[in-house]
Amino acid sequence: MAYDDSNIFARILRGEIPCRKVFEDEHVLAFDDIRPLAPTHVLVIPKGHYTSAQDFAEAASEAEIVAFVRAIGRIARERGIDASGHRLLANHGADGRQEVPHFHVHLVGGRDLGRMLPRAAEE
Ligand code: AMP
């Protein structure tokens, strides 16, 4: 899938749309999700143009991957959800119900998040 430069996270990266910034370095931007599902709900995105988790895994440089993983750990610690627990989630493609076609990881925590996924019969 070709990268769509008009997606909402591309616009945030270009500064066209505001965000509540949580963290930024050379490779990574993190900001609060606009519709939070938990007391902490941060979106961590690479600055590079990767459409999905799969694209990032296959095409990102080692420096980008290291920066990304380290950023997640740092934000979790800063938010005080390393000891209490949290969840990392990356939706990919149609079955993953990915809405925004710029790779991102949801970092959620600050409450008991319940079971990981509903069983098929409960959907
Ligand atoms: P996903 O289904 O993994 O693609 O999730 C996309 C996420 O982006 C959703 O949780 C939205 O609430 C969030 N989102 C959409 N627009 C914005 C925005 N302008 N600022 C922050 N988060 C956003």
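R74 and E78 lie four residues apart, about one turn of the helix, within helix α3 (residues 62-78), where helices (H or I, at least four residues) and strands (E, at least two) are DSSP runs numbered from the N terminus. Salt bridges that share partners join D5, R11, R14 and E16 into one network. The model is predicted, so that local features need pLDDT of at least 70 and side-chain atom pairs count only at pLDDT 80 or more, whereas totals for chains, interfaces and linings use all residues. Residues are numbered from 1 along each chain as its sequence is written, and side-chain values use heavy atoms, with hydrogens and water left out.

**Salt bridges**

- The search of the whole structure finds ten salt bridges, each defined as a side-chain nitrogen of Lys or Arg within 4 Å of a carboxyl oxygen of Asp or Glu.
- Between R74 and E78 the closest N and O atoms of the salt bridge are 3.1 Å apart.
- R11 pairs with E16 in a salt bridge whose closest N and O atoms are 3.2 Å apart.

**A link between distant parts of the chain**

- R35 and E99 form a salt bridge with closest N and O atoms 3.8 Å apart.
- This pair spans 64 residues, joining R35 in the loop between β2 (28-32) and β3 (40-46) to E99 in the loop between β4 (86-89) and β5 (105-109).

**Accessibility**

- Relative accessible area sets the classes, with buried under 20%, exposed over 50% and partly exposed in between (1.4 Å probe, protein chains only).
- R74 is partly exposed at 44%, while E78 is exposed at 51%.
- R11 is partly exposed at 32%, and E16 is partly exposed at 44%.
- R35 and E99 are both exposed.
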